[in-house]
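Please look through the sequence and the model shown here before reading on. The report then goes from strands to core to helices.

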Amino acid sequence: MTRDNLGRRQAIAQALIAMDESWISLFDDIGLRDLSYSDLLTHMWLRRDQALHKTDLYAFMPSISRRTAVKYVQQMIDQGLLKETGSREDKRVRQVCLGEQLIERLERFYDETGRHFSD
């Protein structure tokens, strides 16, 4: 391993830590400190133009149990952070999308994260 590789890897490791710290500082006040929320909301943001079924969201949090994922999603719906609507075609299907507050915070987070990796 060359010094250049070591230095690059250290910079990436530091950027990853800074990214996690940015997440916590931007989302802790609304109860989304757990980094599993980062996984979920990033998947949702990437698919923000698609209709997402509530049950599809649980797979976006692979590091926690399905039961915990269900609880996390419902808590965000109850807080108004996620918007839940019914499907016109099937009343049993619930669709969920990001609320405006989360979109704004996520975009600030991505801007900060980009700076961590570009420095």
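## Strand pairing

In strand E3, Gln-95 is the bridge partner of His-53. This is a predicted model, in which local features need pLDDT of at least 70, side-chain atom pairs count only at pLDDT 80 or more, and totals for chains, interfaces and linings use all residues. Residues are numbered from 1 along each chain as its sequence is written, and side-chain values use heavy atoms, with hydrogens and water left out.

Strand E1 (residues 52-53) and strand E3 (residues 94-98) run antiparallel and are joined by two bridges, where pairing requires that DSSP finds at least two bridges between two strands. Strand E2 (residues 82-86) also pairs with E3 in the antiparallel sense, over five bridges, and Glu-84 has Val-96 as its bridge partner in E3. Strands (E, at least two residues) and helices (H or I, at least four) are DSSP runs, numbered from the N terminus.

## The nonpolar core

The largest nonpolar core has 29 residues, of which Leu-41, Met-44 and Leu-82 touch the most other members. Such a core is a set of buried Ala, Val, Leu, Ile, Met, Phe, Trp, Tyr and Cys residues joined through side-chain atoms within 4.5 Å, and buried means under 20% relative accessible area (1.4 Å probe, protein chains only).

## Two crossing helices

The axes of helix H2 (residues 35-46) and helix H5 (residues 100-118) come within 11 Å and cross at roughly 100 degrees; these axes are lines fitted to C-alpha atoms over the stretch in contact, with angles from 0 to 180 degrees between N-to-C directions. H2 and H5 are therefore roughly perpendicular to each other, a term for angles of 65 to 115 degrees.

Terms used:
Angles under 35 degrees count as roughly parallel, over 145 as roughly antiparallel, 65 to 115 as roughly perpendicular and the rest as oblique. Buried means under 20% relative accessible area, exposed over 50%, partly exposed in between (1.4 Å probe, protein chains only).
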